[in-house]
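Here is a friendly walk through the structure on your screen. Keep the viewer open as you read, and hop between topics as you like.

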Amino acid sequence: MAAIAHGHDHGHDPDSPLHHQFEDIEQQNESYIVGMWTFLVTEVMFFGALFLMYTLYRWTYQEDFWRCHNMLDVTKGGINTMVLLFSSFAVVMAVQGAQLKKKLQVLGWLAVTQACALTFLVIKYFEYTHKFHDRLYPGVNFTDNVANVGGANLNVSQLFFGLYFGMTGLHGVHVLIGMLIFSILMVMWAKGKKIVVNDFVPTEMVGLYWHFVDLVWIFLFPLFYLMPKPH
Amino acid sequence: MSAIGIKPGDAPAEQKEPNYLNVSHTISSWLLTGDHKRIAMLYLVSVTFFFLIGSFAAGLIRLELTSPSGVILESDSYNRAFSTHGVIMVFFFLVVAIPAVFGNFLIPLMIGAKDLAFPRLNLLSWYMYVVGGAIALLGIITGGIDTGWTFYTPYSSMYSNTSVSTVIVGIFLVGFSSIFTGINFIVTVHKMRAPGMTWFRLPLFVWAHYATSVIMVLGTPVVAITLLLVVFERAFKLPVFNPELGGDPVLFQHLFWFYSHPAVYIMILPAFGVQSELIANFARKRVFGYHFVAFSSLAIAGLGFIVWGHHMFVSSQSMYEGLVFSLVSFLVAVPSAIKVFNWTATLHKGHVKMQSPMIYAIGFLGLFTVGGLTGLFLGAAGTDVHLTATYFVVAHFHYVMVGGTMLAFLGALHYWWPKMTGRLFHDGWAKITAILVFIGFNLTFFPQFIIGWMGMPRRYHYYYFAPEFQAYHIMSTLGSSVLALGFILPGFYLTYSLFKGPVAGSNPWGAHGLEWETTSPPPTLNFDQTPVVLDEVYDFDPVTEYEEAGSAQPVLSDTSTSTPEKDA
Amino acid sequence: MASSSHASHTDHHHHVVPTFTYVKTFIALFILMVITIAAAKVNLPGVLFLSGTVVNQLIALGIATIKAALVIWVFMGVRWGTTLTKIWAAAGFVWFILIFLILADYTTRSYEQAQSFEPGVKESALPRAPIKSFQEENPNRNNVRIRQ
């Protein structure tokens, strides 16, 4: 293997978003996008185990799971789905603004996204408090009132609600983290920080994360809220 | 195709040039570095620290087993000892060591890049490791864990009164460290190879780490969520593994082993990569069947995800599933066997120089083969019923993990020490150490095959029902003392070399690879000018290079022999 | 050679997607959501060997998959992305499916039961010698102390 050295350097333009380890901006952009996708694949596997668990237990306890799910509010779930879908749309508009370097478009649509995320969390809050009020929280204080679980077996109900809180809770944590990241992103855009203004890829990466959050909810919604009646 | 003339021991004046070690000396320049080489050194210090703690726990275990009725530990304490040993060694040493130290250091060098794709993510990786390790240690000190490193439910989720949650949080953070490293390696290998460095010109070390990174990325999140659910069950009473409420404890085992079996491939694949480098360079011969070795790494990564059930033959899982898992377990042995055959074939008609890294490599070849073959005994569902949860399993995985990964780690440490530190160590001591390690290892673990076959259960601190095992246990403990000596010695002569060792040139071993074409230690940006690769890495010219190759002694004057430096 | 202005940094890979494409996708997603809620309220009849429950569930999951595909293809930019991105998106899906292999255990357990002990049924016990205590088996071993 012969190594011929060839002179190389790229100008150390302080305004350039190019980092030293990359040869050109295209390589950098692709690297960041591929890196973000790899991270999202890990998130898919993270939630994947939970979806498996849900599948197994629902298949084992179909009737009881169906009865418990009747305690969930489809309206709230539907509004949440709408809100998240719209927030996904808002995010792509923000990314488009970043590509066109239109600061106002970015800030505006990111604000819309934040509003949607906040709405989602507020609705979730109401759902959760209603469940806590009915003592549907797994543990020693789980309700002993069969009516509260729609007539299902009380033990299996703890399993259902454990999965419900676990999966939607984990999803909610991801929404919250997304809100934090969006806040940081908005501050950086507002201040005109070069790292986001000169290069749209950071904004796009955050957008990818948010789409993933939306994807998880797209599957959670029908699985928990739209269960068909088992025959 | 041409060979480059390798001049062993270039001028020591190179040492005065700024390299990644001496470019800055402040603590913050180390703790806030983005340089992959510095991060690799940070990892080296931390993994050594955790290795020592894990070894101490191992010492306790071996001490306890010298008498049929136990020596100094109560049952509860012994449970903590082997759980600590397992958790520290698996999650904080084996999974991390070779990729984080040598992968981090060498992958950019080997592909001709200036750094990894995401240097700050790399640093975050190290911090997650250190913080996770600190939290796990905190858990171990404040009560320990007695569940075994496998955390089987419902004991770990419902009944154990130990610091399970704390330790799991530590493991969870280290999992992130793994994931970030994996992301970094994958993107770097895909996107940052030097001009001319096609996939099939890559050193096999890089292939191995690429496959490892794929496993890290795909498998680690599953164990992360599984262990997190155990914590949720302990803390919030989420009843997912609680049989009284309808949960299934065996589901935990499925999810746990879904990661933990690929995890053992995370532990061994980088070792395979090291082994390819050592064998090729010390036999001065191209690795036989390069493509087969490269693809077998990917095959192991893929097949490794569908064999997890061989840890669960007696767990009440479906017998049909057991059948399938047994079959696929035999299949997954094939790529590993291909590698072993190819390395052996590489040695054939090579010009072998038995310097210390080569001794480790040859040791690996033998010990890994034994470990791999005994794995087949365990992969056959019928014999596994007899052998599972005995010392046969313990001996098997120690043969592959210590005889395999640990020997590869030591071999890598010795081989790349001159590159990483710019110093040469005394190879005589290193050879003695390698032989001590080999002897001590076999003395420790071979008797365990025998008593395991005879029925000695694992995780028992007494065996009064079978006092005839005592002789074997004492032999094993004796061996572990020799092994410990072998592990301690490098601490002395390697540290000594840092201060008093001769200065190394860029290629003291006369090896091939882009990492040997820059100074020892390399400058921060690795290469003064980006290399352009024109041919594969292993094109040795055996005769001339053997005569010319360094014996890890510096050549202070430029007395290189006839082979001219060729370009193109 | 030094990079100066970045006004021309429009990479071929990241062409700006027209707003209308996004709007169309969003409307499609919204409509699909309405359909899935409406379909869930109807108890569909069974088809061939599938029960009505399964049909309903398959439709719900199918619609969810289409929604996910739209989000991934358009919103996440895979349509205009590099081959590597496409491979990664596919790989994640494939590996996600792999976890569901775990279900193979539970679905096949009934095929061939391993023999087990049923409480109360003496004949179901595997033949084994009666277990003696250590003292019974080793009455003369005085020098072995049992530590608990």
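Predicted model: local features only at pLDDT ≥ 70, side-chain atom pairs only at ≥ 80, totals over all residues.

Chain B averages a pLDDT of 89, while the mean for chain C is 76. Chain A is a chain of 7 helices and 0 strands.

- In chain B, 92% of the residues score a pLDDT of at least 70.
- In chain C, 68% of the residues reach a pLDDT of 70 or more.
- Confidence in chain C is highest in helix α1 (residues 19–41) of chain C, at a mean of 92, and lowest in helix α5 (residues 134–137) of chain C, at a mean of 63.
- Residues 1–13 of chain C have a pLDDT below 50, and this stretch has 21 contacts in the model beyond near neighbours in sequence.

**Chain A as a whole**

- From the N terminus on, the elements of chain A run α-α-α-α-α-α-α.
- The radius of gyration of chain A is 23 Å, well over the 17 Å that the globule rule gives for 231 residues, so chain A is more spread out than a compact globule.
- Along the principal axes, the C-alpha atoms of chain A fill a box of roughly 75 × 50 × 30 Å.
- Of the 231 residues in chain A, 63% are buried.
- Take the contacts in chain A between residues at least 6 apart in sequence: 76% of them join residues at least 24 apart.
- Chain A has an accessible surface of about 8300 Å², and carbon and sulfur atoms account for 66% of that.
- As for charge, chain A carries 13 positive and 17 negative side chains, with the centres of the two sets 11 Å apart.

**B:Trp199, a loop residue**

- You will find B:Trp199 in the loop between α7 (164–191) and α8 (204–236) of chain B.
- With a relative accessible area of 23%, B:Trp199 counts as partly exposed, because the buried class is kept for values under 20%.
- Not counting residues up to four places away in sequence, B:Trp199 touches B:Val189, B:His190, B:Arg193, B:Trp207, B:Tyr210 and B:Tyr290.
- B:Trp199 and B:His310 are 111 residues apart in sequence, and their C-alpha atoms are 34 Å apart in space.

**B:Gly379, a helix residue**

- B:Gly379 lies in helix α12 (residues 356–379) of chain B.
- B:Gly379 is buried, as its relative accessible area is 5% and the cut-off for buried is under 20%.
- Leaving aside neighbours within four places in sequence, the contacts of B:Gly379 are B:Phe313, B:Ser326 and B:Phe330.
- Between the C-alpha atoms of B:Gly379 and B:Ala333 there are 9.7 Å, and these residues are 46 apart along the chain.

**Cis peptide bonds in chain B**

- B:Thr153 and B:Pro154 are joined by a cis peptide bond, with omega about -5°.
- B:Pro154 sits in the loop between α5 (119–141) and α6 (155–159) of chain B.
- Another cis peptide bond joins B:Ser520 and B:Pro521, with omega about -10°.
- B:Pro521 has its place in the loop between α16 (470–500) and α17 (542–548) of chain B.

**Positive phi angles in chain B**

- B:Lys237 is not a glycine, yet its phi is positive, at about 60°.
- The loop between α8 and α9 (249–282) of chain B holds B:Lys237, which is partly exposed with a relative accessible area of 43%.
- B:Arg459, also not a glycine, has a positive phi of about 65°.
- B:Arg459 is found in the loop between α15 (427–454) and α16 of chain B, and B:Arg459 is partly exposed, at a relative accessible area of 29%.

How values were computed:
Residues numbered from 1 in each chain as written. Chains lettered and ligands numbered in written order. Heavy atoms only, no water. Helix = DSSP H or I, 4+ residues; strand = E, 2+ residues; numbered from the N terminus. Rg over C-alpha atoms; globule rule 2.2 N^0.38 Å. Buried < 20%, exposed > 50% of the residue type's maximum accessible area, 1.4 Å probe, protein only. Contact = heavy atoms within 4.5 Å. Areas by Shrake-Rupley, 256 points an atom, 1.4 Å probe, with all protein chains shown as cover. Lys, Arg positive; Asp, Glu negative; His and termini not counted. Charge placed at Lys NZ, Arg CZ, Asp CG, Glu CD. pLDDT = per-residue confidence, 0-100.
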